[in-house]
Amino acid sequence: MIRKKLIAGNWKMNKTSGEATNLVSDLVAAVGRSSDVDIVVCPSFTSLESVGKALDGSSVKLGAQNMHPARSGAYTGEVSAEMLRSLFASFVILGHSERRTYFGDTDAFVNEKVLAALKSELKPILCVGETLAERESGSTLKVVQTQLEAGLEGVTKEQAANLVIAYEPVWAIGTGKVATTDQAQEVHAFIRELLGKLFGAAIGNKLRILYGGSMEPANAAELLAEPDIDGGLIGGGALEARSFVDLVKAASASN
Ligand code: PGA
């Protein structure tokens, strides 16, 4: 196994602190000692502290869904890397398509966040992916290349080892329309090649590339069997303990 599989739950704007804590407690009880799959939960900011406490002592890691690149200052409503680190978050999702679409996150701003996260020793889960119109016009690989190159500008080889990339075709997110294994594998292989060009083949081969977009227990095994799909970034399928656990089991079985 060159790359340990990683299953990350992106709970988006769902669950109060109490609900999130209950969910993570169930998850920890079922797979909290898992060592063959890395598990990350990304609750909303308001639940980070309680979820962090609930997963303490388990192998489940804590992640945030976004952050601001500045260290501190007059940015009402924003949260810094240091604040996330102080709650023991070790991952942060950056450049999710919902942030790009609804909150105006550009490649340049995502890049600032990636650099700030790495500087603070938070591992970015950098999301890239094309819209349906972009896929239909044949520009998928070009879009993904631009998002990756711009998002990773200025990242050093040493820092690159801490990256996780998530390929999330926008048309597959929350739609129940999952990419075919061929579609996903094609883009994942392309991303790996690009990472190899940017940081050297050794790092390219080491980095995990997650698939995201309507991944659920029923389709996970097939996707995770592809050579360049190293896990999943999961929204809807991670909102309930049973399906989250089944996804972890699917990742474990695919090793
Ligand atoms: P989904 O979301 O699993 O609900 O499609 C994935 C994501 O947006 O990260």
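The model is predicted, so local features are taken at pLDDT of at least 70 and side-chain atom pairs only at pLDDT 80 or more, while totals for chains, interfaces and linings use all residues. Residues are numbered from 1 along each chain as its sequence is written, and side-chain values use heavy atoms, with hydrogens and water left out.

Let us start at the ligand. It is surrounded by 13 residues, and the closest are Lys12, His96, Glu168, Gly174 and Ser214; a residue counts as near when one of its heavy atoms lies within 4 Å. By class, this shell has four nonpolar, seven polar and two charged residues (Ala, Val, Leu, Ile, Met, Phe, Trp, Tyr, Cys and Pro count as nonpolar, Asp, Glu, Lys and Arg as charged, and the others, Gly among them, as polar). If you look at oxygen atoms of the ligand, you will find one 2.6 Å from a polar side-chain atom of glutamate 168. The side chain of histidine 96 has an N or O atom 2.7 Å from a ligand oxygen, and a polar backbone atom of serine 214 lies 2.7 Å from an oxygen atom of the ligand. The protein covers 95% of the 290 Å² of accessible area that the ligand has on its own (Shrake-Rupley method, 1.4 Å probe).

Next, turn to helix α7, residues 140-151; helices are DSSP runs of H or I with at least four residues, strands are runs of E with at least two, and both are numbered from the N terminus. Thr140, Val143, Val144, Gln147, Leu148 and Gly151 of α7 are buried, that is, under 20% relative accessible area, whereas exposed means over 50% (1.4 Å probe, protein chains only). An α-helix has 3.6 residues a turn, so residues three or four places apart point the same way.

Helix α11 (residues 217-224) has Asn219, Ala220, Leu223 and Leu224 as its buried residues. They cover an arc of only 130 degrees, which puts them on the same side of α11. The face turned away from that side carries the exposed residues Ala218 and Glu222.

Finally, isoleucine 125 in strand β5 (residues 123-128) is buried, with a relative accessible area of 0%. Histidine 68, in the loop between β3 (61-64) and α3 (81-86), is buried at 11%.

Definitions and conventions. A polar contact is a pair of N or O atoms within 3.5 Å; within protein, one must be able to donate a hydrogen and the other to accept it, and residues adjacent in sequence count only if both atoms are side-chain atoms. The expected span of a helix is 1.5 Å times one less than its number of residues. The arc is that of the directions from the helix axis to the C-beta atoms.
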